[in-house]
Amino acid sequence: MRLGRDGIAGLIGLAVALLLLPHAFGLPRLPIVPIGPGFYPALVLTFMAVTCAMLVLQDVIAQRRAPIAAPQAATEQPKRAYGLVAASFVVVAAYIALLPLIGFRIGTVLFLAVFQLVLDRPRSLRQWALLAALAVGTSAVTYVVFEKYLSVLLPRGTWTGW
Amino acid sequence: MLELLGAGILTVLQWKYMVPLLIGTFAGVIGGSLPGFTITLTVIVILPFTYGLDPLAGLAAMTGVYVGGSTGGLITACLIGIPGTPSAIATTFDGFPMARNGEPGRAIWLGVWASVWGGLLGALFLVFLTGPLAAIALEFGPWEYFSLFVLAMAMVAGLAESSLLKGLISTAIGLLITVIGTDPIASVPRFTFGSAFIGGGFPFLPVLIGIFAFAQIMTDIEKMGDRGGNTSGPLRATFERFSHLKINWEIFRQPFLLLWSTIVGLIIGILPAIGGSASSVMAYDQAKKFSKTPEKFGKGHPEGIIASEASNNANVSGSLMTIMAFGIPGDAVTAVMLGAMTIHGIQSGPLFVSQNPGLAYGIYGAYILAHPLMLVICWAAMPLMLRLTSVRLAVLAPVVMVLCVMGAYALNNTMQSVYVLLIFGVFGYGLVKMGFPLAPLILGLILGDQIEINLIRAIMTDDNPWLFLTRPISGGLLAAALLSVVLAVWQHLRHQKRVAEEDTDF
């Protein structure tokens with residue numbers, strides 16, 4: 001049995017719903033409320049399980065009917081930079097993880113510089129200068145606006161104390 | 001009412017409100033003119049700056065973004081044939097050919113002026129119809145509210161482009177996110193598994209920002225493989241000589257076109273989460289059907305631009321009407337506005353206008369004043385806007401990401417919201433890659449708590465579940481929800497049949 005993208009997504013959704021349903025049914029009921037705290041989640045999870053099961057079924061039927069894709073079809077797909085997306089997620093995750101350690105001011109300058117580098121490496125001195133200016137400038141402006149004007153206490157780094 | 005409106009406009013004319021409105025409108029025009037940036041992303045970027053402001057100042061800024069963004073999309077639509085926002089899609093059909101025929105100035109300014117007049121006509125409906133709509137909503141009991149929310153979700157799921165099933169699953173995911181944490185009646189923890197991190201549930205705005213902003217930015221980054229990092233090519237347009245008077249005459253010599261496009265936009269705006277793109281395409285289609293010269297459409301016909309732009313700006317007033325009368329967001333932008341209202345402790349819904357007249361009429365005032373402001377911005381800052389549309393994604397994405405992080409962090413000055421942002425950012429991108437629409441999820445996320453509360457209230461008042469069907473309004477709303485799902489299935493089957501017939505043609 002072949003499964004496509006929808007089938008896999010449906011299976012994941014179905015598994016999550018079935019895993020959580022017993023928990024919803026097991027929630028304690030209170031005498032003052034006619035329906036317990038598990039009633040509504042159980043309703044939502046049942047709905048999710050049914051729709052996910054239908055999606056799996058729909059995908060199985062579609063996969064049976066669909067002819068095997070021609071190999072050249074792959075070359076017709078537009079080029080997608082998934083590596084860049086993965087790298088972007090890593091950079092953003094690292095920024096968020098490091099914020100409480102190195103603080104907003106240092107962390108944001110580094111993040112803005114590294115993220116720009118990852119997305120598009122500067123090719124001229126002017127572009128390098130623009131990269132640095134944007135990194136420092138954006139950090140400075142957001143710091144002034146949020147901390148000085150909007151009274152938001154931005155994260156201080158436990159490592160840097162700044 | 002007119003007195004209150006006058007007071008609302010005078011209030012917003014104060015610097016305290018005028019500056020945020022001006023900045024918001026400017027940001028909206030710029031954000032709207034950047035292809036792939038969207039109005040929702042612009043309002044998310046503006047959001048953290050509004051936390052520390054007076055509620056009306058914050059909402060005025062967001063209203064400005066909404067109005068400015070709805071117009072900004074037409075700039076690239078006319079000049080390079082790529083709509084800056086989905087709501088300018090139908091403007092491309094005639095705006096781009098007109099610009100290519102040597103009249104880029106006429107194309108853009110026809111759109112700008114049509115936006116202004118469509119938006120201001122929409123304001124009339126907004127001011128005079130929100131109250132009566134809220135009065136109808138006041139007659140609603142928990143049964144009717146429950147059914148209304150179910151109808152809203154059924155409509156949004158049914159409109160999902162990929163498939164109805166995926167739209168419904170997306171809705172269920174949104175609802176499921178809202179049940180994590182303590183239950184609203186007895187505070188029993190649900191699906192927290194002893195974790196303090198999710199003990200209080202997921203805060204709405206970081207989830208929304210994470211899902212929407214990450215999905216948008218990462219999808220744009222993905223496309224860098226195709227076009228190397230530019231949001232669009234650099235725009236250089238030399239405008240021909242044209243007269244603003246003549247352009248306005250072109251609009252007003254067809255009052256029916258302007259009025260009908262406005263009404264189409266307004267109605268689509270009132271319906272939950274359908275959005276400006278549908279209204280602009282529908283108004284364009286209607287304009288073509290009613291036109292004496294339908295053969296000219298698609299070749300630079302002014303009627304096409306007028307219909308599309310008047311309708312997408314009137315759509316904004318419809319969305320604002322829904323949020324103020326029913327507490328249901330008309331689209332993702334009003335969802336963010338709803339979140340901002342919650343932060344300020346303001347409850348939207350049928351009592352909103354009567355309990356907060358100053359704020360409500362202030363929003364009307366901001367909406368009305370945003371139009372002349374947008375006109376001035378477009379007139380004064382067109383060369384700057386043309387330059388900004390060529391900003392590289394490599395520059396734009398990191399700045400937007402920092403502002404998203406700030407938007408989550410500044411909510412309660414803790415890193416927890418930022419972690420939620422990241423988790424749901426990854427999750428939202430994954431959903432998009434799996435082909436799930438995000439609009440139903442967002443609506444489920446916003447309405448989840450209210451659906452549960454109204455369901456429990458209804459059952460606590462009377463445990464007869466048939467009341468949901470036998471009370472006329474509630475039953476009617478549920479029937480409409482069912483009809484909406486049946487229609488979506490029918491449309492899907494018809495589409496499949498047509499595709500199968502086209503396949504067998506050769």
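User: Why are α6(B) and α14(B) called roughly parallel to each other?

Analyst: In this predicted model, where local features need pLDDT of at least 70, side-chain atom pairs count only at pLDDT 80 or more, and totals for chains, interfaces and linings use all residues, α6 (104-138) and α14 (302-325) of chain B pack at about 30°. Angles under 35 degrees count as roughly parallel, over 145 as roughly antiparallel, 65 to 115 as roughly perpendicular and the rest as oblique, so the pair is roughly parallel. Their axes (lines fitted to C-alpha atoms over the stretch in contact, with angles from 0 to 180 degrees between N-to-C directions) are 6 Å apart. By the way, residues are numbered from 1 along each chain as written, while chains are lettered from A and ligands numbered from 1 in written order.

User: What makes B:P203 count as buried?

Analyst: Buried takes 20 or more other C-beta atoms within 10 Å, exposed 12 or fewer, and partly exposed is in between, with C-beta atoms placed from the backbone. B:P203 has 20 such neighbours, so it counts as buried. You'll find B:P203 in the loop between β2 (189-190) and α9 of chain B; helices here are DSSP runs of H or I with at least four residues, and strands are E runs of at least two.

User: Which residues does B:P203 contact, beyond its neighbours within four places in sequence?

Analyst: B:L411, B:S417 and B:V420, where contact means backbone-placed C-beta atoms within 7 Å. B:L411 sits 208 residues away in sequence, yet the C-alpha atoms are 9.2 Å apart.

Conventions:
Two residues are in contact if their C-beta atoms, placed from the backbone, lie within 7 Å.
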